[in-house]
Amino acid sequence: MGIHNLAKLIADQAPAAIKEGEMANYFGRKIAVDASMSIYQFLIAVRQNGENLTNDSGETTSHLMGMFYRTIRMIENGIKPVYVFDGKPPQMKSKELEKRLERRTEAEAEMTKAADAGDEEAFDKFARRTVKVTREHNEDCKRLLKLMGIPYVDAPTEAEAQCAALVKQGKVYGVGTEDMDALTFGADVLVRHLTFSEARKMPIREYSLSKVLQNLGINFEEFTDLCILLGCDYCDSIKGIGQKRALDLIKQYRNIETIIKHIDKKKYSVPEDWAYEQARLLFKEPEVLPADTTDLKWTEPDEQGLVTYMVNEKGFS
(Lines give C-alpha, C1' and ligand atoms only; values in the text may rest on other atoms or scores of the structure.)
Protein backbone atom coordinates (compact mmCIF):
# COMPACT_ATOMS: atom_id res chain seq x y z
CA MET A 1 0.00 0.00 0.00
CA GLY A 2 2.80 2.43 0.81
CA ILE A 3 1.52 5.66 2.38
CA HIS A 4 -2.19 6.28 1.91
CA ASN A 5 -2.92 9.43 -0.13
CA LEU A 6 0.60 10.87 0.27
CA ALA A 7 0.92 11.48 -3.48
CA LYS A 8 -2.35 13.43 -3.48
CA LEU A 9 -1.34 15.43 -0.40
CA ILE A 10 1.94 16.45 -2.04
CA ALA A 11 0.18 17.33 -5.30
CA ASP A 12 -2.32 19.52 -3.40
CA GLN A 13 -0.07 21.06 -0.75
CA ALA A 14 3.46 20.94 -2.21
CA PRO A 15 3.18 20.82 -6.02
CA ALA A 16 6.61 22.49 -6.41
CA ALA A 17 8.13 19.25 -5.06
CA ILE A 18 6.98 17.36 -8.17
CA LYS A 19 8.74 17.51 -11.53
CA GLU A 20 7.39 15.82 -14.66
CA GLY A 21 9.52 14.83 -17.61
CA GLU A 22 10.63 12.11 -20.00
CA MET A 23 12.77 9.05 -19.45
CA ALA A 24 15.51 10.63 -21.59
CA ASN A 25 15.98 13.25 -18.85
CA TYR A 26 17.60 10.55 -16.69
CA PHE A 27 20.43 9.83 -19.13
CA GLY A 28 23.51 8.80 -17.15
CA ARG A 29 21.56 8.34 -13.90
CA LYS A 30 21.70 5.24 -11.72
CA ILE A 31 18.25 4.32 -10.40
CA ALA A 32 17.38 1.74 -7.72
CA VAL A 33 14.21 0.05 -8.97
CA ASP A 34 11.78 -1.75 -6.66
CA ALA A 35 11.83 -5.17 -8.36
CA SER A 36 8.79 -6.64 -6.61
CA MET A 37 6.64 -3.63 -7.48
CA SER A 38 7.83 -3.81 -11.11
CA ILE A 39 7.13 -7.54 -11.42
CA TYR A 40 3.68 -7.02 -9.89
CA GLN A 41 2.98 -4.35 -12.53
CA PHE A 42 4.15 -6.66 -15.32
CA LEU A 43 1.94 -9.53 -14.12
CA ILE A 44 -1.05 -7.19 -14.16
CA ALA A 45 -0.31 -5.31 -17.39
CA VAL A 46 1.32 -7.87 -19.72
CA ARG A 47 -1.71 -9.97 -20.62
CA GLN A 48 -3.56 -11.54 -23.50
CA ASN A 49 -7.32 -12.15 -23.44
CA GLY A 50 -7.36 -11.15 -19.78
CA GLU A 51 -4.79 -13.73 -18.69
CA ASN A 52 -1.03 -13.80 -18.11
CA LEU A 53 1.18 -14.80 -21.00
CA THR A 54 2.32 -18.41 -20.78
CA ASN A 55 4.65 -20.66 -22.76
CA ASP A 56 3.86 -24.10 -24.18
CA SER A 57 4.62 -25.67 -20.79
CA GLY A 58 2.02 -23.48 -19.09
CA GLU A 59 4.61 -21.38 -17.25
CA THR A 60 3.79 -17.69 -16.74
CA THR A 61 6.09 -15.44 -18.78
CA SER A 62 4.48 -11.98 -18.36
CA HIS A 63 7.04 -10.98 -15.73
CA LEU A 64 9.96 -11.90 -18.01
CA MET A 65 8.46 -10.10 -20.98
CA GLY A 66 7.90 -6.95 -18.91
CA MET A 67 11.29 -7.07 -17.19
CA PHE A 68 13.16 -7.64 -20.47
CA TYR A 69 11.56 -4.89 -22.55
CA ARG A 70 11.18 -2.25 -19.81
CA THR A 71 14.82 -2.74 -18.79
CA ILE A 72 15.96 -2.42 -22.41
CA ARG A 73 13.93 0.80 -22.68
CA MET A 74 15.73 2.25 -19.64
CA ILE A 75 19.14 1.24 -21.01
CA GLU A 76 18.34 2.77 -24.41
CA ASN A 77 17.58 6.02 -22.59
CA GLY A 78 20.94 5.95 -20.83
CA ILE A 79 19.64 4.85 -17.41
CA LYS A 80 21.62 2.38 -15.31
CA PRO A 81 19.01 0.44 -13.31
CA VAL A 82 19.75 -1.70 -10.29
CA TYR A 83 16.83 -3.86 -9.18
CA VAL A 84 16.18 -4.41 -5.48
CA PHE A 85 14.20 -7.47 -4.37
CA ASP A 86 12.16 -7.76 -1.18
CA GLY A 87 13.46 -9.92 1.63
CA LYS A 88 11.51 -11.17 4.63
CA PRO A 89 8.77 -8.67 5.55
CA PRO A 90 8.97 -7.06 9.00
CA GLN A 91 6.77 -8.66 11.64
CA MET A 92 4.85 -5.37 11.89
CA LYS A 93 3.64 -5.88 8.31
CA SER A 94 1.81 -9.13 9.15
CA LYS A 95 -1.61 -7.47 9.56
CA GLU A 96 -1.30 -5.72 6.21
CA LEU A 97 -0.28 -8.99 4.54
CA GLU A 98 -3.29 -10.75 6.10
CA LYS A 99 -5.57 -8.06 4.66
CA ARG A 100 -4.02 -8.53 1.22
CA LEU A 101 -4.56 -12.29 1.43
CA GLU A 102 -8.22 -11.73 2.35
CA ARG A 103 -8.66 -9.39 -0.62
CA ARG A 104 -7.07 -11.92 -3.00
CA THR A 105 -9.30 -14.71 -1.65
CA GLU A 106 -12.39 -12.55 -2.16
CA ALA A 107 -11.22 -11.66 -5.68
CA GLU A 108 -10.71 -15.35 -6.53
CA ALA A 109 -14.30 -16.10 -5.49
CA GLU A 110 -15.60 -13.20 -7.60
CA MET A 111 -13.43 -14.33 -10.52
CA THR A 112 -15.01 -17.79 -10.37
CA LYS A 113 -18.50 -16.24 -10.38
CA ALA A 114 -17.61 -14.07 -13.37
CA ALA A 115 -16.26 -17.09 -15.26
CA ASP A 116 -19.44 -19.07 -14.57
CA ALA A 117 -21.51 -16.11 -15.77
CA GLY A 118 -19.38 -15.61 -18.87
CA ASP A 119 -18.61 -12.01 -17.85
CA GLU A 120 -15.19 -11.43 -19.42
CA GLU A 121 -14.82 -7.84 -18.20
CA ALA A 122 -15.52 -8.77 -14.57
CA PHE A 123 -13.29 -11.86 -14.86
CA ASP A 124 -10.39 -9.71 -16.07
CA LYS A 125 -10.93 -7.15 -13.30
CA PHE A 126 -10.92 -9.72 -10.50
CA ALA A 127 -8.13 -11.80 -12.09
CA ARG A 128 -5.80 -8.79 -11.79
CA ARG A 129 -6.66 -8.53 -8.08
CA THR A 130 -5.47 -12.10 -7.47
CA VAL A 131 -1.93 -11.37 -8.69
CA LYS A 132 0.88 -12.24 -6.29
CA VAL A 133 4.62 -12.11 -6.91
CA THR A 134 6.12 -15.51 -6.09
CA ARG A 135 9.63 -16.71 -5.31
CA GLU A 136 9.70 -18.32 -8.78
CA HIS A 137 8.88 -14.98 -10.45
CA ASN A 138 11.73 -13.35 -8.54
CA GLU A 139 14.25 -16.08 -9.37
CA ASP A 140 13.28 -16.00 -13.07
CA CYS A 141 13.88 -12.25 -13.17
CA LYS A 142 17.18 -12.45 -11.27
CA ARG A 143 18.48 -14.96 -13.80
CA LEU A 144 17.34 -12.72 -16.66
CA LEU A 145 18.97 -9.63 -15.14
CA LYS A 146 22.26 -11.46 -14.60
CA LEU A 147 22.30 -12.48 -18.28
CA MET A 148 21.49 -8.88 -19.26
CA GLY A 149 24.42 -7.57 -17.20
CA ILE A 150 22.13 -5.65 -14.83
CA PRO A 151 22.98 -5.71 -11.09
CA TYR A 152 20.42 -6.60 -8.46
CA VAL A 153 20.34 -6.50 -4.67
CA ASP A 154 18.55 -8.85 -2.27
CA ALA A 155 17.21 -6.62 0.51
CA PRO A 156 17.16 -8.08 4.05
CA THR A 157 13.55 -6.87 4.42
CA GLU A 158 11.74 -4.10 2.53
CA ALA A 159 12.95 -3.27 -0.99
CA GLU A 160 11.91 0.40 -0.63
CA ALA A 161 14.06 0.74 2.50
CA GLN A 162 17.07 -0.76 0.73
CA CYS A 163 16.48 1.45 -2.32
CA ALA A 164 16.36 4.51 -0.05
CA ALA A 165 19.59 3.37 1.62
CA LEU A 166 21.33 3.19 -1.78
CA VAL A 167 20.28 6.80 -2.40
CA LYS A 168 21.51 7.94 1.02
CA GLN A 169 24.78 6.03 0.48
CA GLY A 170 25.31 7.98 -2.77
CA LYS A 171 25.28 4.83 -4.91
CA VAL A 172 22.22 5.84 -6.99
CA TYR A 173 20.38 9.04 -7.90
CA GLY A 174 16.88 8.00 -6.88
CA VAL A 175 14.34 5.24 -6.27
CA GLY A 176 12.11 3.94 -9.05
CA THR A 177 8.84 2.74 -7.49
CA GLU A 178 5.15 3.54 -7.23
CA ASP A 179 5.21 3.18 -3.41
CA MET A 180 5.50 6.58 -1.77
CA ASP A 181 7.06 5.18 1.40
CA ALA A 182 10.48 5.36 -0.28
CA LEU A 183 10.29 9.02 0.82
CA THR A 184 9.40 7.97 4.37
CA PHE A 185 12.48 5.74 4.41
CA GLY A 186 14.53 8.85 3.59
CA ALA A 187 15.16 8.73 -0.17
CA ASP A 188 15.53 12.32 -1.37
CA VAL A 189 14.43 11.43 -4.92
CA LEU A 190 11.51 9.16 -5.84
CA VAL A 191 10.73 8.48 -9.51
CA ARG A 192 7.30 7.13 -10.46
CA HIS A 193 6.03 5.63 -13.75
CA LEU A 194 9.55 4.55 -14.74
CA THR A 195 8.51 0.99 -15.63
CA PHE A 196 5.13 1.88 -17.19
CA SER A 197 4.62 0.96 -20.84
CA GLU A 198 5.01 3.68 -23.47
CA ALA A 199 1.44 3.02 -24.56
CA ARG A 200 0.12 4.49 -21.30
CA LYS A 201 1.79 7.83 -22.15
CA MET A 202 2.33 8.64 -18.48
CA PRO A 203 5.04 11.23 -17.85
CA ILE A 204 7.84 10.31 -15.47
CA ARG A 205 7.03 11.99 -12.14
CA GLU A 206 9.90 12.86 -9.79
CA TYR A 207 9.36 13.77 -6.13
CA SER A 208 11.98 15.66 -4.11
CA LEU A 209 11.84 14.93 -0.38
CA SER A 210 13.72 18.10 0.55
CA LYS A 211 11.23 20.19 -1.43
CA VAL A 212 8.29 18.28 0.10
CA LEU A 213 9.53 19.18 3.59
CA GLN A 214 10.24 22.78 2.62
CA ASN A 215 6.85 23.33 1.01
CA LEU A 216 4.88 21.57 3.75
CA GLY A 217 6.78 23.51 6.43
CA ILE A 218 7.79 20.43 8.46
CA ASN A 219 11.00 18.52 9.22
CA PHE A 220 11.72 14.86 8.43
CA GLU A 221 10.69 13.54 11.87
CA GLU A 222 7.36 15.35 11.54
CA PHE A 223 7.00 14.02 7.99
CA THR A 224 7.43 10.45 9.30
CA ASP A 225 4.65 11.01 11.85
CA LEU A 226 2.49 12.53 9.10
CA CYS A 227 2.94 9.37 7.02
CA ILE A 228 1.92 7.19 9.98
CA LEU A 229 -1.19 9.35 10.47
CA LEU A 230 -2.07 9.04 6.78
CA GLY A 231 -1.81 5.25 6.99
CA CYS A 232 1.15 2.94 6.40
CA ASP A 233 1.79 -0.82 6.16
CA TYR A 234 2.96 -1.22 9.76
CA CYS A 235 0.17 -0.04 12.05
CA ASP A 236 -3.35 1.35 12.16
CA SER A 237 -4.11 5.06 11.93
CA ILE A 238 -6.65 7.31 13.64
CA LYS A 239 -10.00 6.80 11.93
CA GLY A 240 -11.65 9.87 10.45
CA ILE A 241 -8.49 11.95 9.93
CA GLY A 242 -8.01 12.82 6.27
CA GLN A 243 -4.86 14.03 4.60
CA LYS A 244 -5.45 17.78 5.10
CA ARG A 245 -6.46 17.31 8.75
CA ALA A 246 -3.39 15.10 9.35
CA LEU A 247 -1.10 17.81 7.99
CA ASP A 248 -2.83 20.49 10.05
CA LEU A 249 -2.42 18.42 13.22
CA ILE A 250 1.27 17.79 12.56
CA LYS A 251 1.92 21.48 11.90
CA GLN A 252 0.03 22.44 15.06
CA TYR A 253 1.35 19.80 17.49
CA ARG A 254 4.52 18.54 15.72
CA ASN A 255 4.32 14.87 16.81
CA ILE A 256 1.85 12.04 17.38
CA GLU A 257 2.29 12.03 21.19
CA THR A 258 1.09 15.64 21.46
CA ILE A 259 -1.68 15.06 18.95
CA ILE A 260 -3.01 12.18 21.09
CA LYS A 261 -3.03 14.46 24.16
CA HIS A 262 -5.08 17.18 22.46
CA ILE A 263 -7.30 15.34 19.99
CA ASP A 264 -11.04 15.05 20.61
CA LYS A 265 -11.31 11.36 21.61
CA LYS A 266 -15.08 11.40 21.13
CA LYS A 267 -14.69 12.50 17.52
CA TYR A 268 -11.54 10.56 16.63
CA SER A 269 -10.84 7.00 17.73
CA VAL A 270 -7.19 6.40 18.61
CA PRO A 271 -6.26 2.73 18.04
CA GLU A 272 -5.83 0.67 21.18
CA ASP A 273 -2.17 -0.24 21.82
CA TRP A 274 -1.26 1.87 18.81
CA ALA A 275 2.17 0.78 17.55
CA TYR A 276 3.09 4.14 16.01
CA GLU A 277 6.40 4.30 17.93
CA GLN A 278 7.52 0.97 16.51
CA ALA A 279 6.45 2.07 13.02
CA ARG A 280 8.37 5.31 13.45
CA LEU A 281 11.51 3.36 14.44
CA LEU A 282 11.10 0.99 11.51
CA PHE A 283 11.05 3.93 9.09
CA LYS A 284 14.00 5.59 10.85
CA GLU A 285 16.19 2.50 11.29
CA PRO A 286 15.13 -0.18 8.80
CA GLU A 287 17.23 -3.29 8.31
CA VAL A 288 19.36 -2.63 5.22
CA LEU A 289 22.66 -3.84 3.82
CA PRO A 290 25.79 -1.83 4.77
CA ALA A 291 27.18 0.36 1.98
CA ASP A 292 30.37 -1.70 1.62
CA THR A 293 28.43 -4.89 0.82
CA THR A 294 26.62 -3.55 -2.27
CA ASP A 295 29.10 -3.38 -5.14
CA LEU A 296 27.01 -2.39 -8.16
CA LYS A 297 28.49 -3.41 -11.53
CA TRP A 298 26.90 -3.17 -14.95
CA THR A 299 28.41 -5.60 -17.48
CA GLU A 300 28.00 -6.57 -21.12
CA PRO A 301 25.01 -8.87 -21.74
CA ASP A 302 25.51 -12.57 -22.35
CA GLU A 303 23.73 -12.70 -25.72
CA GLN A 304 24.02 -16.44 -26.23
CA GLY A 305 22.95 -17.06 -22.63
CA LEU A 306 19.91 -14.82 -23.16
CA VAL A 307 18.88 -16.75 -26.27
CA THR A 308 19.30 -20.07 -24.47
CA TYR A 309 17.28 -18.92 -21.46
CA MET A 310 14.52 -16.91 -23.12
CA VAL A 311 14.04 -18.94 -26.33
CA ASN A 312 15.09 -22.47 -25.51
CA GLU A 313 14.03 -22.63 -21.85
CA LYS A 314 11.16 -20.13 -21.61
CA GLY A 315 9.66 -20.51 -25.10
CA PHE A 316 10.04 -16.95 -26.41
CA SER A 317 10.33 -16.64 -30.17
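I'll start with the rings: the structure holds 7 aromatic pairs, counted where ring centres of Phe, Tyr or Trp (its six-membered ring) lie within 6.5 Å, with planes under 30 degrees apart called stacked, over 60 edge-to-face and the rest tilted. One of them joins Tyr26 and Tyr173, a tilted pair at 6.3 Å centre to centre with 55 degrees between the planes. Tyr26 sits in the loop between strand 1 (18-21) and strand 2 (30-34), and Tyr173 in the loop between helix 7 (159-168) and strand 7 (174-176), 147 residues apart. Helices (H or I, at least four residues) and strands (E, at least two) are DSSP runs, numbered from the N terminus.

Some ground rules. This is a predicted model, where local features need pLDDT of at least 70 and side-chain atom pairs count only at pLDDT 80 or more, while totals for chains, interfaces and linings use all residues. Residues are numbered from 1 along each chain as its sequence is written, and side-chain values use heavy atoms, with hydrogens and water left out.

Next, charges. The count is 14 salt bridges, each a side-chain nitrogen of Lys or Arg within 4 Å of a carboxyl oxygen of Asp or Glu. Among them is Lys19 with Glu206, closest N and O atoms 3.8 Å apart. Lys19 is in strand 1 and Glu206 in strand 9 (residues 204-208), so this pair ties together parts 187 residues apart in sequence.

Now the domains. An automatic or database assignment gives domain 1 (17-212) and domain 2 (218-286). Their contact (heavy atoms within 4.5 Å) takes 16 residues from domain 1 and 13 residues from domain 2.

How many salt bridges are there between domain 1 and domain 2? The count is 0. On the domain 1 side, helix 4 (94-117), helix 8 (181-184) and helix 9 (209-216) each give two or more residues, and helix 4 has the largest share, 4 residues.
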